[in-house]
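My entries follow in the order in which I took them.

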Amino acid sequence: MEDRTFWDPETLTDMPLDKLVVYVLKLHHDYIKKTAPLLQQQLHTLANSHDQKQPKLRQIANLFDQIYGDLALHLHKEENVLFPYIIQLQAAFVGNVGISPPQFGSVRFPVRMMMQEHHVADEQFALLIDWCEPMIALPNTEVLIRETFSLLLEFFHDFCLHSHIEDTILFPRALEVENLLLEPKVDDQTESCRIK
Ligand SMILES: [Fe+2]
Ligand SMILES: [Fe+2]
């Protein structure tokens, strides 16, 4: 894993939104894109070589496929819809100019969707870790399985940190800035999220 010693929650809280987006992209999105294909490959190699003795490995590989597929789509939505709008919000805020409501109505709709997807991924990861832990505890578990599961745990912890930064710093601050810029406010009850 990359060196994350420079991570400082205080600094992130004060970081301008556009820089925070770049931070999340560089540190966490890039990490997922680099690590997930490797993990996927290792999990399937293990499943293929232990098909008879340890069928749980196949279930683990299949669930990881699902998590990875959902995460890839999640990153795509953040990178192509939500984050560009957050960068636009920051530019309008700094330039002290107004902004037109986005096609999806308000930042709160994609934010709500992203937070829901974080929650679903959390639950899927929890199940995955539940399946892996008993195998790690076995004294005769082979080294490749231990190494792969250790990478899987690291991947999960990175996701927890990543979604925590988005849920508790980036998204609330984007909502705050949008509220300052957009008048009148979009009616939460009548608008629906049209993010694709
Ligand atoms: Fe993200
Ligand atoms: Fe996210």
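**Entry 1, H3 and H4.** I looked at the crossing and found that H3 passes H4 in a left-handed sense. The model is a predicted one, and I read every value below as computed from it. The two helices, H3 and H4, pack at an angle of about 160°, and their axes are 10 Å apart. An angle over 145 degrees counts as roughly antiparallel, so H3 is roughly antiparallel to H4. I then sorted the contact of H3 with H4 by class and noted 16 nonpolar, four polar and five charged residues.

I repeated the look-up for helix H2, residues 17-49, against H3. Here the packing angle is about 165°, with 10 Å between the axes of H2 and H3. By the cut-off of 145 degrees, H2 and H3 are therefore roughly antiparallel to each other. H2 passes H3 in a left-handed crossing. By class, I noted 19 nonpolar, four polar and four charged residues in the contact of H2 with H3.

How far apart are the end C-alpha atoms of helix H4? I found 43 Å between them. Helix H4 covers residues 108-137, and its 30 residues should span 44 Å at 1.5 Å a residue, so the two values agree. Next I listed the buried residues of H4, which are Pro110, Val111, Met114, Phe125, Leu128 and Cys132. An α-helix has 3.6 residues a turn, so residues three or four places apart point the same way. I kept that in mind while reading the list. What covers the buried residues of H4 includes helix H3 (56-95) and helix H5 (143-181).

I picked Glu117, which has its place in helix H4. Is Glu117 buried, exposed or partly exposed? Glu117 counts as partly exposed, because it has 17 C-beta neighbours inside 10 Å, while a buried residue needs 20 or more and an exposed one has 12 or fewer. Setting aside neighbours within four places in sequence, I found Glu117 in contact with Asp70 and His74. Glu117 and Asp70 are 47 residues apart in sequence, and their C-alpha atoms are 8.4 Å apart in space.

Lys33 lies in helix H2. I counted 12 other C-beta atoms within 10 Å of Lys33, so Lys33 is exposed. I also looked up its separation from Ala72: Lys33 and Ala72 are 39 residues apart in sequence and 8.2 Å apart in space, C-alpha to C-alpha.

I went to the loop between H3 and H4, where Asn96 is found. Phi of Asn96 is near 55°, a positive value in a residue other than glycine. With 7 other C-beta atoms within 10 Å, Asn96 is exposed.

I left the overall count to the end. The secondary structure of the protein chain comes to five helices and zero strands, and along the sequence the pattern reads α-α-α-α-α. Of its 196 residues, 19% count as buried. Taking contacts between residues at least 6 apart in sequence, I noted that 82% join residues at least 24 apart.

Methods. Residues are numbered from 1 along each chain as its sequence is written. Chains are lettered from A and ligands numbered from 1 in the order in which they are written. This is a predicted model: local features need pLDDT of at least 70, side-chain atom pairs count only at pLDDT 80 or more; totals for chains, interfaces and linings use all residues. Helices (H or I, at least four residues) and strands (E, at least two) are DSSP runs, numbered from the N terminus. The expected span of a helix is 1.5 Å times one less than its number of residues. Two residues are in contact if their C-beta atoms, placed from the backbone, lie within 7 Å. Axes are lines fitted to C-alpha atoms, for helices over the stretch in contact, and angles run from 0 to 180 degrees between N-to-C directions. Angles under 35 degrees count as roughly parallel, over 145 as roughly antiparallel, 65 to 115 as roughly perpendicular and the rest as oblique. A crossing is left-handed if the near helix is turned anticlockwise from the far one by less than a right angle, and right-handed if clockwise. Ala, Val, Leu, Ile, Met, Phe, Trp, Tyr, Cys and Pro count as nonpolar, Asp, Glu, Lys and Arg as charged, and the others, Gly among them, as polar.
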